[in-house]
Amino acid sequence: MTRRICLFAGYNPQNHISDYVFYYLEALSKFADICYCADGEIFQADRRRLKKLTALAIGIKHGRYDFGSWAELIKKLGWQKISAYDELLLANDSCFGGIFPFNEMFQTMEQQNLDGWGASGNHFIMSYFVNIKKKIFLSPEFRHLFENIKAENNKAVIIKKYERGLDNILQNYNCGTYLSPSRQQKFY
């Protein structure tokens, strides 16, 4: 059985986690050990709800968007603990998850024997839901990317440095997407 850890990035300007996020986390918890990081504080009531669904939940104002939350979780957990898993799932609260069961997506993508995959993509794999195997997440390039996340004020710079930076790493491996123009089409 595949051991998977999910680093889940959350953000809400009012520091309150929306109900849809808890629903999403509950659905994902069947497929991964979830570690949650909010870019901000977490209210006590939300912390109690997270405790039932996550292995770790932290709230820290860092201003580095999703990649910053993932970097904070990596720093908190350490590469040694993460390396005990076969796969690493990067996810965030920018979409609704668990509306349809995740079973089909995970089964379909596991059968393709990929090194990594995203839920969707256009010209590159979208970073809101990316599942990667150990050979990628322990690579020097992946580690370098996540050990050097900085606060950026410009959305275009964030996309170029981090989303495209992750995609550039994925291009060196056998990766694909679940949803694409022809569903089975690979971008690499």
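**Exercise 1.** Determine whether Asp19 is buried or exposed, and find its salt-bridge partner.

Solution. Asp19 has a relative accessible area of 53%. Buried means under 20% relative accessible area, exposed over 50%, and partly exposed in between (1.4 Å probe, protein chains only). Asp19 is therefore exposed. The model is predicted: local features need pLDDT of at least 70, side-chain atom pairs count only at pLDDT 80 or more, and totals for chains, interfaces and linings use all residues. Residues are numbered from 1 along each chain as its sequence is written, and side-chain values use heavy atoms, with hydrogens and water left out.

Next, the partner. A salt bridge is a side-chain nitrogen of Lys or Arg within 4 Å of a carboxyl oxygen of Asp or Glu. Arg49 meets this condition with Asp19, the closest N and O atoms being 2.9 Å apart. The pair links distant parts of the chain, 30 residues apart: Asp19 lies in helix α1 (residues 19–28) and Arg49 in helix α2 (residues 44–51). Helices here are DSSP runs (H or I, at least four residues), numbered from the N terminus. Arg49 is partly exposed, at 36%.

**Exercise 2.** Classify both residues of the salt bridge between Glu72 and Arg64.

Solution. The closest N and O atoms of this pair are 2.3 Å apart. Glu72 has a relative accessible area of 10% and is buried. Arg64, at 15%, is buried as well.

**Exercise 3.** Do likewise for Lys161 and Glu152, whose side chains meet in a salt bridge.

Solution. The N to O distance is 2.6 Å. Lys161 is partly exposed at 38%, whereas Glu152 is buried at 17%.

Key. Helix = DSSP H or I, 4+ residues; strand = E, 2+ residues; numbered from the N terminus.
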